[in-house]
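Let's take a walk through a protein fold together. Have your viewer open and colour the chain by secondary structure as you read.

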Amino acid sequence: MLEEVERWLRQRSWSAADRPLDQLLAAKRAAGTTVSVVLPALNEEATVGEIVATIRRELMDQPEGGPGGAGVPLVDELVVLDSGSTDGTAKVAAEAGARVVHRDAILPRIPALPGKGEVLWRSLLVTGGDIVCFVDADLREFRARFVSGIVGPLLTDPDVHFVKAMYDRPLAAGAAGAGAAGQGGRVTELVARPLLNLHWPLLAGFVQPLGGEYAARRSLLERLPFPVGYGVELGLLVDALHTVGLDALAQVDVGVRLHRHQDDQALGRMAAAIYRTAQLRLARGHLVRPRLTQFDRGEEGGFVPRTAAVDTEERPPMTEVPEYTTRHAA
């Protein structure tokens, strides 16, 4: 590991407990900073409601007659971005207290593409916070520190611009801490970490480079391109490094992350998209053929090939979108 990365690990890796809520609130009020939390969601009715309810109960002011709890005004805006759910995700999220926005209602002149990065990019148009915090909507046993922990350095240190969560990620289902702590994040270990260590060694200190929980200043996010699919986390991390430098990046330990795990074929598609995202950033010239063939066991024996397109589209920085610049100039 580079000496610069070892120094970064000492100076830019924290625990959520390092910044108590009262310290964060004092810093937020002093600077007049606003915070938006965005949950990208696709068929997450089983988990999205509890995440929304926890954030509202613990990190937001409660309106008179609203849900009980002694929330603190850390989060100003809570938005669930529905990516085309066919279940009750939108209803559950709204009933729990989120503002729900459908992907297709944002920037309708540009037809939406499928993918997580697409909704994260579009969320910048319908949120207003100086700090934008992304949280996956499939988390179980969610804790408010997933938000307060990663927002904390952005509120207290003006030199920090981008913060990733780090955590244990057990593969086995069950109570927090069950299973082998290091067994989740297979694409991280097999694809993303080798790519980062080989090509962007300054990012080798990130424990969870592909994690879906991270926060950043709007002033940074609006300048970055967004891969529309699975490559969005790696793309944003690499581009943030090149835009603001390593010392503006940080990570915070938030404990244990439990969520729904993908099957091997989904992981294969994710890995291909991440490789493609890395390749685009390494050289804007020749690219490998962006398709991936996988195999299923056929009903009559033998293997049946299934070929899927690899996510290749990227959305431009929001500062290049007229609707965004018009809105934020108002």
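What follows goes from the overall fold to the sheet, and then to the helices around it.

This is a predicted model, in which local features need pLDDT of at least 70 and side-chain atom pairs count only at pLDDT 80 or more, while totals for chains, interfaces and linings use all residues. Residues are numbered from 1 along each chain as its sequence is written, and side-chain values use heavy atoms, with hydrogens and water left out.

The protein contains 11 helices and 14 strands; these are DSSP runs numbered from the N terminus, with helices being H or I of at least four residues and strands being E of at least two. Of its 330 residues, 51% are buried, that is, under 20% relative accessible area with a 1.4 Å probe and protein chains only. Among contacts (heavy atoms within 4.5 Å) with a separation of 6 or more, 71% are between residues 24 or more positions apart.

Eight strands form an open sheet in the order 1-10-7-8-5-2-3-4, with mixed pairing; two strands pair if DSSP finds at least two bridges between them. From one strand to the next, the twist averages 25 degrees.

Look next at strand 10 (residues 249–256), which runs parallel to strand 1 (residues 13–15) and is joined to it by three bridges. Here Ser13 has Gln251 as its bridge partner. Strand 7 (residues 162–168) is also parallel to strand 10, with six bridges joining them, and Met166 is partnered by Asp253.

Angles run from 0 to 180 degrees between N-to-C directions, and axes are lines fitted to C-alpha atoms, for helices over the stretch in contact.

Finally, how do helix 9 and helix 10 pack? Helix 9 (residues 232–244) and helix 10 (residues 264–282) have axes 9 Å apart and an angle of about 25 degrees, and are therefore roughly parallel, a term for angles under 35 degrees. Leu234, Gly235, Val238 and Asp239 of helix 9 meet Ile274, Thr277, Ala278 and Arg281 of helix 10.

Key. Angles under 35 degrees count as roughly parallel, over 145 as roughly antiparallel, 65 to 115 as roughly perpendicular and the rest as oblique. Buried means under 20% relative accessible area, exposed over 50%, partly exposed in between (1.4 Å probe, protein chains only).
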